[in-house]
Amino acid sequence: MALRLGRLGSGPWWRAVRGDYGRLRAASPRSASARVCRLPGTAGTQPLRGLGYGPSAGGGSRLGTGLAAALAGLAGLAAAAFGHVQRAEMVPKSSGARSPSPGRREEDGDELARRCSTFMSLPVTKLQELRKRPEDMKTKMELMIMEIQAQVCRALAQVDGVADFSVDRWERKEGGGGITCVLQDGRVFEKAGVSISVVHGNLSEEAANQMRGRGKTLKTKDGKLPFTAMGVSSVIHPKNPYAPTMHFNYRYFEVEEADGKTDWWFGGGCDLTPTFLNQEDAVHFHRTLKEACDQHGPDIYPKFKKWCDDYFFIVHRGERRGIGGIFFDDLDSPSKEEAFRFVKTCAEAVVPSYVPIVKKHCDDSYTPRDKLWQQLRRGRYVEFNLVYDRGTKFGLFTPGSRIESILMSLPLTARWEYMHSPPENSKEAEILEVLRHPKDWVH
């Protein structure tokens with residue numbers, strides 16, 4: 001059942017204020033459609049001492065990537081528009097889609113309701129539950145990923161300017177649900193999406209064993225292991241070969257053991273996959289991520305940049321999927337609040353790191369040969385996601401997974417040619433050299 005609830009507000013959401021790339025910043029907070037609210041006490045950031053250097057936060061993904069990313073990926077991918085959004089609430093009447101109680105105007109004097117009014121849809125968790133636990137990390141993370149979804153979606157829609165976005169609110173019978181928004185065949189974007197999911201229940205014995213095999217000692221009770229996972233995830237495929245693909249994901253995971261102990265960790269990252277190398281774009285993207293990381297410690301960006309290069313490696317091709325970015329998992333130090341502030345800073349860097357690049361190149365001229373190379377590179381993107389990505393593989397073999405959402409990361413079109421090899425000294429060969437030998441873009 002699809003219900004068209006009309007369009008969101010109009011007016012610019014983000015604007016460049018310096019140079020070709022500029023720095024993107026929110027429009028005036030007095031505009032209701034551009035309001036970014038925050039939980040009391042969470043505004044701003046403080047330097048993190050020792051972030052990412054706890055016993056489980058470095059050197060390689062110990063356990064969380066496949067499980068946490070897959071559960072976050074249950075939401076699928078989404079894109080939401082600014083002046084072109086259709087709110088299509090695809091939830092059966094019995095699904096419990098929420099609205100304010102009769103006779104109560106929650107928007108009057110209710111900070112949470114005002115904050116939620118800027119989202120693409122109401123949070124997955126009922127507002128009354130969120131009000132009961134405002135300082136709980138699950139509440140903070142859910143509201144943060146809802147805000148990031150809205151920010152990214154509106155920025156993308158402003159760039160595209162033509163296509164409508166569907167907003168699909170879904171539920172998972174095992175517990176929780178998500179909001180998946182999708183744009184296809186727009187003016188700028190062939191396929192774009194930003195999704196959130198908030199899921200809970202009991203991990204299967206298979207999932208628990210997988211986690212134990214990757215370093216966790218987890219105690220089950222009667223074979224059950226309660227968990228909560230939530231995240232925001234996006235993959236964006238522009239039409240123009242000179243506008244790069246971008247992916248980001250930020251997630252939070254909790255597991256409750258039989259003795260009542262709660263294990264928690266964060267994971268995520270952001271990476272760029274260009275068809276052709278543009279040095280200025282690469283520097284801008286990495287420098288923006290570095291500036292976000294540097295707010296929490298000078299050693300974080302180099303560590304997580306290398307982790308990203310190592311993770312997105314297509315072994316059978318001997319090359320990376322793209323030019324990297326940052327990637328981290330199992331982040332459980334130095335404290336839950338400090339780790340959350342780091343994740344929030346990184347998530348807020350998505351728009352300024354990527355949108356100026358797309359705006360710069362979305363109308364570039366290109367040849368059929370350029371388009372062919374883009375299709376071949378997208379084939380590599382598909383290969384990594386289906387062969388190596390732990391989140392995708394885990395999701396495909398997990399009962400109750402939302403397959404359509406998991407596979408939303410794949411482009412609409414891709415191509416494979418037998419024994420294709422680009423000419424020497426060509427721009428195709430130039431990007432391959434970087435994919436085989438990652439560069440330092442910021443020093």
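Where is the place of Gly 318? Gly 318 lies in the loop between β9 (313-314) and β10 (319-320). Helices (H or I, at least four residues) and strands (E, at least two) are DSSP runs, numbered from the N terminus. The model is predicted, so local features need pLDDT of at least 70 and side-chain atom pairs count only at pLDDT 80 or more, while totals for chains, interfaces and linings use all residues. Residues are numbered from 1 along each chain as its sequence is written, and side-chain values use heavy atoms, with hydrogens and water left out.

Gly 318 has a relative accessibility of 30%, so it counts as partly exposed. Buried means under 20% relative accessible area, exposed means over 50%, and partly exposed is in between (1.4 Å probe, protein chains only). Residues up to four places away in sequence aside, Gly 318 touches Phe 313 and Arg 436. Contact means heavy atoms within 4.5 Å.

The chain as a whole has 13 helices and 11 strands. Of its 443 residues, 58% are buried. Among contacts with a separation of 6 or more, 77% join residues 24 or more positions apart.

Two packed helices are described by the angle between their axes and the distance between the axes. Helix α4 (residues 137-160) packs against helix α8 (residues 336-348) at an angle of about 5°, and the axes are 11 Å apart. Axes are lines fitted to C-alpha atoms, for helices over the stretch in contact, and angles run from 0 to 180 degrees between N-to-C directions. The angle makes α4 roughly parallel to α8. Angles under 35 degrees count as roughly parallel, over 145 as roughly antiparallel, 65 to 115 as roughly perpendicular and the rest as oblique. From α4, the residues in contact include Met 137, Met 141 and Ile 148. Their partners in α8 include Phe 340, Val 343 and Ala 347. By class, the contact of α4 with α8 has 7 nonpolar, no polar and 5 charged residues. Ala, Val, Leu, Ile, Met, Phe, Trp, Tyr, Cys and Pro count as nonpolar, Asp, Glu, Lys and Arg as charged, and the others, Gly among them, as polar.

Aromatic rings come next. Rings of Phe, Tyr and Trp (its six-membered ring) pair if their centres lie within 6.5 Å; planes under 30 degrees apart count as stacked, over 60 as edge-to-face and the rest as tilted. The count comes to 18 aromatic pairs. Tyr 311 and Phe 312 have ring centres 4.8 Å apart and planes at 85°, so this pair is edge-to-face. Tyr 311 and Phe 327 have ring centres 4.4 Å apart and planes at 5°, so this pair is stacked. One aromatic cluster includes Tyr 311, Phe 312 and Phe 327, along with Trp 307 and Tyr 388.

Most residues other than glycine have a negative phi, and most peptide bonds are trans. The peptide bond from Ser 333 to Pro 334 is cis, with omega near 0°. Pro 334 sits in the loop between β11 and α8. Met 419 has a positive phi, near 55°. Met 419 is in the loop between α12 (403-406) and α13 (427-436).
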